[in-house]
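Have the model open and follow along.

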Amino acid sequence: METSKENTANIIKRYIRYLKLERNYSGNTLDAYQHDVTCLTVFASQKQLLLSELQLPDLQEFASSLHDMGIGPSSQARVLCGVRSFFRFLKMDGYREDDPTELLESPHLGEHLPEVLSTKEVDLLESAIDLSKWEGQRNLAIIEVLFSCGLRVSELVTLRLSDLYLDEGYIRVLGKGSKERLVPISQKAVKELNLWFSVRCHMNIKKGEEDYVFLNRRGAHLTRTMILIMIKRLAVEAGIQKTISPHTLRHSFATALLEGGADLRVIQAMLGHESIGTTEIYTHVDTTTLREEILEHHPRNIRH
């Protein structure tokens with residue numbers, strides 16, 4: 001059993017190793033889960049308890065403390081997900097015989113439909129790009145790849161030249177849990193990538209960064225934050241009022257497929273969703289769009 005702060009640190013270390021080696025979680029996911037356990041460790045220390053001694057009432061108090069700190073329901077739910085994962089590990093590894101999180105409730109989350117862009121709005125976003133600047137063609141290729149392939153931004157920044165099979169019309173994507181998938185790429189995205197490569201070939205690329213598709217002015221691969229800033233700036237310049245991010249283009253990709261008649265299982269495979277339930281949110285988006293179309297175009301709804 002856990003008897004000291006030193007043992008607590010060792011347990012957490014073993015837990016993170018388990019997530020990395022056996023669950024094959026990415027670096028970003030590992031950081032999030034470690035953050036969750038660190039928050040719980042601070043709470044247990046304040047109660048003068050060891051992590052393995054916490055019971056359901058303690059965990060319910062911890063959940064309430066997240067609310068009192070002004071943390072929103074979705075963030076609370078994510079932290080509690082990490083806490084559940086940790087206690088499952090404690091039980092599995094024999095640190096305790098029960099799992100008190102089995103009865104721990106998460107905050108109720110209202111259904112949130114993701115913001116999406118129409119093809120016309122994506123065109124507006126691209127038209128705001130200044131192609132006279134060296135990074136203009138790069139940014140155009142980034143938006144086309146995001147919209148054409150539905151990539152996560154983390155997948156885009158790690159995309160490598162060796163992952164591209166442009167002649168065959170596919171790219172290889174390394175998704176969550178280091179799972180690979182092949183995703184078709186549009187001819188327009190291929191065209192914009194080739195134009196970017198005509199710029200990229202003249203860059204001074206840092207050693208070790210040669211295989212990354214998208215680079216910054218210093219010849220290193222881009223970060224997620226750089227792409228977020230770029231897309232938000234373009235949205236303002238294009239006059240798009242929606243609050244968007246790189247993930248908006250992923251949502252837009254999925255919604256466009258659904259509206260075009262694609263099977264939900266196909267969309268699941270393209271997005272790299274482990275569960276079909278994650279993909280099903282796009283059926284709600286489609287229903288919302290359908291309602292708007294009916295209100296606008298059906299003769300019984302048109303106001304003369």
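## The run-in

Ser245 sits in the loop between helix H9 (224-237) and H10; helices here are DSSP runs of H or I with at least four residues, numbered from the N terminus. Bear in mind that this is a predicted model, where local features need pLDDT of at least 70, side-chain atom pairs count only at pLDDT 80 or more, and totals for chains, interfaces and linings use all residues. Residues are numbered from 1 along each chain as its sequence is written, and side-chain values use heavy atoms, with hydrogens and water left out.

With a relative accessible area of 21%, Ser245 counts as partly exposed (buried is under 20%, exposed over 50%, partly exposed in between, using a 1.4 Å probe and protein chains only). Setting aside neighbours within four places in sequence, Ser245 is in contact with Leu228 and Ile231, contact meaning heavy atoms within 4.5 Å. Ser245 and Ile231 are 14 residues apart along the chain, and their C-alpha atoms are separated by 6.4 Å.

## H10 itself

H10 is mostly covered, with ten of its 14 residues buried. Among them are Thr248, Arg250, His251 and Phe253. The end C-alpha atoms of H10 are 20 Å apart, which agrees with the 20 Å that its 14 residues should span at 1.5 Å a residue (the expected span is 1.5 Å times one less than the number of residues). Just after H10, Gly261 takes a positive phi of about 100°.

## Packing against H6

The axes of helix H6 (residues 134-149) and H10 come within 7 Å and cross at roughly 40°. Axes are lines fitted to C-alpha atoms, for helices over the stretch in contact, and angles run from 0 to 180 degrees between N-to-C directions. H6 and H10 are therefore oblique to each other (under 35 degrees is roughly parallel, over 145 roughly antiparallel, 65 to 115 roughly perpendicular, and the rest oblique).

On the H6 side, Ile143, Leu146, Phe147, Ser148 and Cys149 meet Pro246, Leu249, Ser252 and Phe253 of H10. By class, that contact has seven nonpolar, two polar and no charged residues (Ala, Val, Leu, Ile, Met, Phe, Trp, Tyr, Cys and Pro are nonpolar, Asp, Glu, Lys and Arg charged, the others, Gly among them, polar).

## Packing against H11

H10 (residues 246-259) and helix H11 (residues 264-271) have axes that come within 10 Å and cross at roughly 155°. That makes H10 roughly antiparallel to H11.

Arg250, Phe253, Ala254, Leu257 and Leu258 of H10 make the contact with Leu264, Ile267, Met270 and Leu271 of H11. These residues divide into eight nonpolar, no polar and one charged.

How values were computed. Helices (H or I, at least four residues) and strands (E, at least two) are DSSP runs, numbered from the N terminus.
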